[in-house]
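You asked for a short note on this structure. My points are set out below in numbered form, for reading alongside the coordinates.

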Amino acid sequence: MGKKGGGRVIMKQMGPKGGGMMNPLADMAQQEPIILPTKPDSTTTYFYPRNQAYSMNYKNNSNFNCIWPTYIDANKTVKEGRRIGKERSINCPTVEDISEVLQDMGVRHVMQPFKGYPRDVESKWDNPGRVLYDMTQMERNMELRLQQLEHDDDDDDDNEEENDNDNGNDSVPNLEDDDEFVVTQKSVWKIVSGKIEGMPGRKQRLEEKKRLEEEEKKRLRDEARMRAVVSKKTATSSGSKKKGKKKR
């Protein structure tokens, strides 16, 4: 802004010394760049058993069915993709949990840990992955067949009491006859969900997660305590200073 005096105009510098215009983005340019993590490869695949990595044909194979963790996650809604009842579901199952159950049952499968369930957007970054299992081998699993008999009463609309025979004995289905016994995908999801809780890998993962959460809480408490101590010392030192006249 100029000042008039004696017919002259005196210019007064309002900006920084040295001339030049200020760059409003200069402070942002000095900050470190944000480096985003590398996106994992969604085609990554693990085979079980591993010795069948080259012989297992799971692509475009009608014998391999898919199971996403969302199918059996009790924290998900039906709209988000849960496929079984909430009482049969489990909290936050992972593809590792599902794979461990299938390995325990002796069912061959492939695990793709970086796939995202299209219906559940959060699964693309939070608990991603899916498992493709051999349904033909699952049907031969006698343990699954026996357990399915205990879970067939989940559909309340179809529950009916069977009448006893005249001799007082209940009818027993013939498990050896494949034509009379059919394993469905929904029954597989229920069995897998029910077995996850007892898997050692699941227990170890939950214990490790709990330990890390406790350590994080302890760290936050310690930081809050240190801030309170520093703030108290600063207030005490500033209040103890005596104010006097400055010597000239």
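This is a predicted model: local features need pLDDT of at least 70, side-chain atom pairs count only at pLDDT 80 or more; totals for chains, interfaces and linings use all residues.

1. Helix H2 spans residues 95-105. Its buried residues are Val95, Asp97, Ile98, Ser99, Val101, Leu102 and Met105. An α-helix has 3.6 residues a turn, so residues three or four places apart point the same way. Just after H2, Gly106 adopts a positive phi of about 75°.

2. Asp97 deserves a separate look, as a charged residue on the buried list of H2. The relative accessible area of Asp97 is 2%. Asp97 forms a salt bridge with Arg202, with 3.2 Å between the closest N and O atoms. Because Arg202 belongs to helix H6 (residues 200-240) and Asp97 to helix H2, this pair ties together parts that are 105 residues apart in sequence. Arg202 is buried as well, at a relative accessible area of 4%.

3. Asp97 also forms a salt bridge with Arg205, where the closest N and O atoms are 2.9 Å apart. Here too the link is between distant parts of the chain, with Asp97 in helix H2 and Arg205 in helix H6, 108 residues apart. Arg205 is partly exposed, with 29% relative accessibility.

4. What does Arg108 meet in a salt bridge? The partner is Asp134, at 2.8 Å from N to O. Arg108 sits in the loop between H2 and strand E5 (109-112), whereas Asp134 is in strand E6 (residues 130-134), so the pair joins parts 26 residues apart in sequence. Asp134 counts as buried at 7% relative accessibility, while Arg108 is partly exposed, with a relative accessible area of 23%.

5. The salt bridge count for the model is 12. Besides the pairs above, Lys76, Asp120 and Glu122 are linked in a network of salt bridges.

6. In soluble globular proteins, nonpolar side chains tend to be buried together. In this model the largest nonpolar core has 33 residues. The residues with the most contacts inside this core are Ile67, Ile72, Ile98, Leu102, Tyr133, Met138 and Val192. Two or more residues come from each of strand E3 (46-48), strand E4 (64-67), H2, E5, E6, helix H3 (135-139) and helix H5 (185-196).

7. Leu102 of H2 is buried and is one of the core residues with the most contacts. Leaving aside residues up to four places away in sequence, Leu102 touches Val107, His109, Val131, Tyr133, Met138 and Val192. Tyr133, Met138 and Val192 are themselves among the core residues with the most contacts.

8. Are the faces of E4 covered or open? Both are covered: Phe64 and Cys66 are buried on one side, and Asn65 and Ile67 are buried on the other. E4 pairs with E6 in the antiparallel sense, over 4 bridges. Phe64 has Asp134 as its bridge partner in E6.

9. On cysteines, the model holds 0 disulfides. Cys66 is buried, with a relative accessible area of 17%. Cys92 is partly exposed, at 36% relative accessibility.

Notes. Residues are numbered from 1 along each chain as its sequence is written. Side-chain values use heavy atoms; hydrogens and water are left out. Buried means under 20% relative accessible area, exposed over 50%, partly exposed in between (1.4 Å probe, protein chains only). A salt bridge is a side-chain nitrogen of Lys or Arg within 4 Å of a carboxyl oxygen of Asp or Glu. A nonpolar core is a set of buried Ala, Val, Leu, Ile, Met, Phe, Trp, Tyr and Cys residues joined through side-chain atoms within 4.5 Å. Contact means heavy atoms within 4.5 Å. Two strands pair if DSSP finds at least two bridges between them. A disulfide is a pair of cysteine sulfur atoms within 2.5 Å.
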